[in-house]
Amino acid sequence: MRRTASVLPLILLGLGVFALVFGQLLDRYVEPRVKRTPVDVQTDSVLTGTGSFFDTGALKTVHGKRITVTRRIVGDVAAAERSGNAVWNVSTQIDTPATLSLRDPRRSLQWTTERWVTDRRTNQPVHCCGEQPSFRGDAYLKFPFDVQKRTYRWWDGVLGAAVPLKYSGTEKVLGQTGYRFTGSVAPRRTEVTREVPGTLVGRPKQRQVTAEEWYANGRIELVVERRTGRIMNARIAPRITLRAPGAQQDAVTLLASDRLEFTEATRRTQVALTARDSRRLEVLGETAPMLATVAGGVFTAAGLAFLVRERRRRAATEDSQ
């Protein structure tokens, strides 16, 4: 019994030190390495709403029609492993009811492909690995980890520039609370030009005109989960028009909607992924280190208390002899 009593404090002290060290390892080494943008992604997000678009068959803008925007993200794992960055190939197509049923992006109203490269820890753009286009800002397909209540620069691919989005409170998406960021884009000319018949843009005497593309977005609203930076819901109000060179007024509306928003299915997918990743980060970054630290403190205190009591008992025994 005496040997057991003398060994027990050492066991408790060992457990206490191990738990304290383990908690620090989780907090300083394990959790930061888990907090990385994934590279093996393959997701689709869909926004829908009603609006207007230019019907190339009828050669006029039609109104009150269904518009669907589908964005597909596929991670380039091989490029990510070589560079150490997140490399995502992004395909975005805009469909009308007629083109959506064709299931062919080449026949959609508009189709663009991009290649985004970001630092897996900071979410900052990295200019390598065939990046196209070269972009700037703090956020695009996702926000950085540990989102703050501040203004972020969100890259708008249509505009070709970063747009400031300010923190505007919280909002729940299917029960999951996120930070809401809002902003807008005043009408601005893009870098795109289009060769169109002169009659289309008010220049009937000119057979062909190099028309200017103008873009505006009356409302950008993104609901972002704090820990992961995932976008759980998005609402936008884009407007893309054509103007004759140097004109002050729009001549043709190519695309316009007062509200395009994530579909219910997209919101459910985003919230499910968010909840999974957020729980993982919470456990590794908060819960587990805290429990390990508390347990380490308790075991260490208990071990020291047993040692003190053991020494006092021995001293009393020696005095009595």
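This is a predicted model: local features need pLDDT of at least 70, side-chain atom pairs count only at pLDDT 80 or more; totals for chains, interfaces and linings use all residues.
Mentor: Let's start with a term: a cavity is a set of points on a 1 Å grid over the protein atoms alone where a 1.4 Å probe fits but cannot get out.

Trainee: Which residues line it?

Mentor: Among them are Trp88, Trp116, Asn123, Phe135, Asp138, Tyr140 and Lys142 (lining residues have an atom within 4 Å of a point). Strand 3 (86-95) and strand 4 (110-118) are the elements giving two or more residues to that lining; strands here are DSSP runs of E, at least two residues, and helices are runs of H or I, at least four, numbered from the N terminus.

Trainee: What's the whole chain built from?

Mentor: Four helices and 11 strands. Of its 321 residues, 44% count as buried, meaning under 20% relative accessible area with a 1.4 Å probe, protein chains only.

Trainee: New topic: arginine 235. Where is it found?

Mentor: Look in strand 9, residues 231-243.

Trainee: Buried or exposed?

Mentor: Arginine 235 counts as buried, because its relative accessibility is 10%.

Trainee: Which side chains does arginine 235 join by a polar contact?

Mentor: One is glutamate 171, at 2.6 Å, and another is glutamate 261, at 3.1 Å. A polar contact is a pair of N or O atoms within 3.5 Å, one able to donate a hydrogen and the other to accept it; residues adjacent in sequence count only if both atoms are side-chain atoms.

Trainee: And the largest nonpolar core, which residues touch the most other members?

Mentor: Phe143, Leu165, Phe181, Val201 and Leu222, out of 38 residues. Such a core is a set of buried Ala, Val, Leu, Ile, Met, Phe, Trp, Tyr and Cys residues joined through side-chain atoms within 4.5 Å. Strand 8 (residues 208-224) supplies the largest share of this core, six residues.

Trainee: What lies apart from it?

Mentor: Another core, of 10 residues, including Val41, Phe135, Leu141 and Trp155.

Technical notes:
Residues are numbered from 1 along each chain as its sequence is written. Side-chain values use heavy atoms; hydrogens and water are left out. On a 1 Å grid over the protein atoms alone, a cavity is a set of points where a 1.4 Å probe fits but cannot get out, and a pocket is an open set with protein on both sides within 12 Å along at least five of seven lines; lining residues have an atom within 4 Å of a point. Buried means under 20% relative accessible area, exposed over 50%, partly exposed in between (1.4 Å probe, protein chains only).
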